[in-house]
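Trainee: I would like to learn how to read a predicted model. Please show me the structure, and let us take its features in turn.

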Amino acid sequence: MYEQVSHSLLNRILDELKPEILERDLRHFYTRLGANFYAIHSLFHHLYGQRADFEKQMVRLVEVMASQYIRRADDLKQLDVQRELDHNWFLSQQWVGMALYTGGFGGDLRGVRARLGYLQELGVNMMHIMPILECPKGASDGGYAVSNFRNVDERVGQLADVAPLAREMHQRGMLLTLDVVVNHTSDEHAWAQAARAGEKKYQDYYYVFDNRDVPDMFESTMPEIFPESAPGNFTFDGTMKKWVMTVFHNYQWDLNYSNPAVFIEMLDIILFWANQGADIVRLDAVAFLWKKIGTTCQNEREAHLILQLMKDCSQVTAPGVLFIAEAIVAPVEIIKYFGEDAVIAKECEIAYNATYMALLWDAVATRNAKLLTQGIRSLPLKLERATWLNYVRCHDDIGLGFDDNDIIRAGYQPLAHRRFLIDYYTGRYAGSPARGLPFGQNDKTGDARISGTLASLVGLETALESKDEDAIALSIDTILLVHSLIMSFGGIPLLYYGDEIGTINDRTFFDDATKAYDNRWMHRPNIDWSKADLRHQKGTVEQRIFSGIQRMIAARSSAAAFADYNNRELVETGNPHLFAFMRDNPFQPGDAVLVVANFDAGPQSFSLREAAPRLLARHGQLQDLYSGAALDLHDGALTLPPRGFYWLRHRR
Ligand code: GLC
């Protein structure tokens, strides 16, 4: 693409803009449009250039960006400018997130707002509110089947609640993350209803087919996401008498991004929520955005181009807003959602570190860090200005998404090892205290994932039932251990609501027909606030977990070595039970923190002299940042308690 072509097109577009847009003072907007236009035009042309109405669609695209810019509130525009100046702001170790359901955490949005103090008490300053948009009364995949993208579901509040919540959060120094479900809509969405009623325009928003010919071609290479509750990837719609692509549930219709109208609508919606005050937008199921016969319809190159285009466009209107890629895919694929073939992130600045999450669960079950170390060694380096969302669990099932080659390198047989993990976490393995349930079992492939809360999966539920104090202590230590690793790895730790007080599985969903088919509800709790109050009572389980995490967050924020500038190096301890890495302070050479974690249920030692000589080379005493304690080194060796961890640094 010649830049001259872009320039002249931009001039034509500006001439064609509506008078109400042209009249405004859009200085910042035009600067950003000029800077991004070449990329926007190239991408849009790559995706839609063959269409006769290409130029008309381009005008519409610019109109959407401009109209949303005009609607953007002044305080948000100021934030944009500040963040452009300090563009690495989100790489700081100051940010700690929590994901939560409005209903389960605060009843409704006002209730959530009233609980912001609770999050701050813990040290959390980024809140990801799970989907709050209007969705069907019956099954809605926890809000991921949206029937109206521009309104809040009446069960959690109203649209007018969102901006004041965001404003209050900003005043408190907190960030708001909202979901935009970009891959599909509910079958009750107005577009789907119009498609059903026979409107061709809206049938073109989806993948709609008269018969099974094309669907069968797709099916031959597409995996199933919910093989038990929603087998296959197409659903026959009785009213329309056509087949619709429904990769997730049969009531979730996949949007067709080969239609530019769909792209423009969804960009408008993303910007709409950015204008409600969202600092971060979580883009759901991004791996699925492009469908091509003969492929798995995941991670296609065009899916990346769409995300790049979304980013470039949103940078014109709302440059302070970040994107999270929710792409729970193979390790080498995840990394691409920061931006394929780029140096700095140009798709999503943040991505779920699903690989690390799965590896942590492996280490807990096996009591060693062999696969964890191997998996992290194989994890490709990420781009600059990109950061991980590190999490132990989220509202979804836990998939064992690590690489088979790494399993082999760690000394296991992939199939048998995965089966062991499923058996372990579902409590079928002899001696396992875990209380999970298998999710998404696929008899054709042998694949399965795991549901259950953190506390129940690490044995706290079992230990509490048997009143076994040692087992209770070990489960609490395990909960703290895995949190210590998401806090120190590099990236934004994303806690999951309820884990901070050891919430166990909730089995009440079995009684609700709209949820009973989906055991992920087992770990989507209603917080029992009387239990949460026990966090202030010394010695309770709630207090031990809550105060541990609280202390971790405080210690973490004081150490710039924990900021995320690709400043992590794995450390070989020679002891398979230990996972260790060094974090270097990117702003102060020589200032480093050594993170060591013991996955065994017994104490484990290693030689600090051999593993991290440079830490010992300097004089002075070593200190554990978390506990504040000075450490006793016997001949350069260090012993970690069962499921213990250290964040070691020179005493200042
Ligand atoms: C994402 C969500 C998950 C949902 C799916 C379909 O993976 O996290 O909960 O089922 O998308 O929207």
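Trainee: Which residue is the bridge partner of threonine 235 in β9?

Mentor: In general, strands of a sheet pair through backbone hydrogen bonds, either parallel or antiparallel. Here, threonine 235 has valine 244 as its bridge partner in β9. Strands are DSSP runs (E, at least two residues; helices are H or I, at least four), numbered from the N terminus. Two strands count as paired if DSSP finds at least two bridges between them. β8 and β9 (residues 242-245) have four bridges and pair in the antiparallel sense.

Trainee: What is the strand order of this open sheet?

Mentor: The order of the three strands is β7-β9-β8, with antiparallel pairing. β7 (208-209) and β8 (234-237) each have a single partner strand, so one side of each has no neighbour in the sheet.

Trainee: How far can I trust such details?

Mentor: This is a predicted model: local features need pLDDT of at least 70, side-chain atom pairs count only at pLDDT 80 or more, and totals for chains, interfaces and linings use all residues. Residues are numbered from 1 along each chain as its sequence is written, and side-chain values use heavy atoms, with hydrogens and water left out.

Trainee: Which strands stand at the edges of the five-stranded sheet?

Mentor: That open sheet runs β18-β19-β20-β24-β22, with antiparallel pairing. β18 (568-570) and β22 (622-624) are the edge strands, each with a single partner, so one side of each lacks a neighbour in the sheet. β18 joins β19 (residues 578-584) through three bridges, running antiparallel. Glutamate 569 stands opposite methionine 582 in β19.

Trainee: How many aromatic pairs are there in the whole structure?

Mentor: A pair of aromatic rings is described by the distance of the centres and the angle of the planes. Rings of Phe, Tyr and Trp (its six-membered ring) pair with centres within 6.5 Å; planes under 30 degrees apart are stacked, over 60 edge-to-face, the rest tilted. The search finds 42. One of them, phenylalanine 44 with phenylalanine 54, is tilted, at 5.7 Å between centres and 40° between planes.
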